[in-house]
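Look at the sequence and the 3D structure shown here.

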Amino acid sequence: MNFCLMNNYLSIFDEILVSMRRESIYNRYEPSVKPVSYGEDESYWFIFKSDSMLINPESKLKIPFHIDLDEINLVPLRKNYMGILDDHPVYVVEVDPETEPLDGMEFLDLRETYDILDEDVYLLAGRAVQIMNWDKNHMFCGKCGTKTISMEDENAKICPECGFTSFTRISPAVITAIIKDDKILMAKHSYGLRNRYALIAGFLEAGETLEEAVKREVMEEVGLKVKDLKYFGSQPWPFPNSLMIGFTAKYAGGEIKVDGKEIVDAKWFDASEVLRFPSKISIASELVDWFLETYS
Ligand SMILES: [Zn+2]
């Protein structure tokens, strides 16, 4: 796994207040792939140029609503239907990087929109940007290079030449709270986390179960064995297309040994030494809260 990449993701975790871990993350959105009988004119629009999203402060949900793309000279590079939001169709559109924002609106980095957007809309923006990027990155068959065709009934693209099918890509990653004698293991990474200690995390490799990934990551990063793994929860993470899967585990053996490059230190902390994360709502902070509630 690419640890640098993982570490960057984790620093983003720290920096953004984002809540995505819940049994059903949406309250006002119903996913569907096939547009129903609505026209586009009564739609909500997620309009991106790269990772920046068009925000309309005047709209109820702060995203453009009820616009005609032609009328306002927005030329979509791609457009995908996403389902129903508040009884209206919702689309994601990518526009040219040179596109200027419409009057009274602005393009904001998706990471800066959490405080502005309704939570459902923020979560949906994460889904939107992933669908948009998937659409862009799978225009051609990865096997034979032929232009792909979007399937009608699901988010999938099929190659008309060889039949190869591509689905939206998700890269799962595990994050683990390891407990020994009422203490939790936290590690300091060599960069990106501003000297903060964090939980052990990393991407899955091909052919692994989640549990195997937890055990491998813990062994690679701090040289310890773990046991009694318990699933804690999961959290979609759209920067760019990950899913974090949280576990708790118990120490099973070994001495802490770090590589000194990616991880510079790792220690056991008791509840009095652990600070709650400034962000209350990432899965990392929920695992830390769980530790503090259980072992204080
Ligand atoms: Zn093909």
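The sections below cover the basis of the model, its nonpolar cores and its paired strands.

## Basis

This is a predicted model, in which local features need pLDDT of at least 70, side-chain atom pairs count only at pLDDT 80 or more, and totals for chains, interfaces and linings use all residues. Residues are numbered from 1 along each chain as its sequence is written.

## Nonpolar cores

A nonpolar core is a set of buried Ala, Val, Leu, Ile, Met, Phe, Trp, Tyr and Cys residues joined through C-beta atoms within 7 Å. A residue is buried if 20 or more other C-beta atoms, placed from the backbone, lie within 10 Å of its own.

The largest nonpolar core has 32 residues, and Val174 and Leu287 are among those that touch the most other members. Elements giving two or more residues to this core include strand 10 (171-180) and helix 4 (283-295); helices (H or I, at least four residues) and strands (E, at least two) are DSSP runs, numbered from the N terminus. Another core, of 27 residues, lies apart from it and includes Met53 and Tyr122.

## Paired strands

Two strands pair if DSSP finds at least two bridges between them. Strand 4 (residues 76-85) is joined to strand 1 (residues 29-31) by three bridges, running antiparallel. Strand 4 also pairs with strand 5 (residues 88-95), in the antiparallel sense, over eight bridges. Ile84 stands opposite Glu30 and opposite Pro89 in strand 5.

An open antiparallel sheet has the order 7-8-9. Strand 7 (149-150) and strand 9 (165-167) each have a single partner strand, so one side of each is left without a neighbour in the sheet.

Terms used:
Buried ≥ 20, exposed ≤ 12 C-beta atoms within 10 Å, placed from the backbone.
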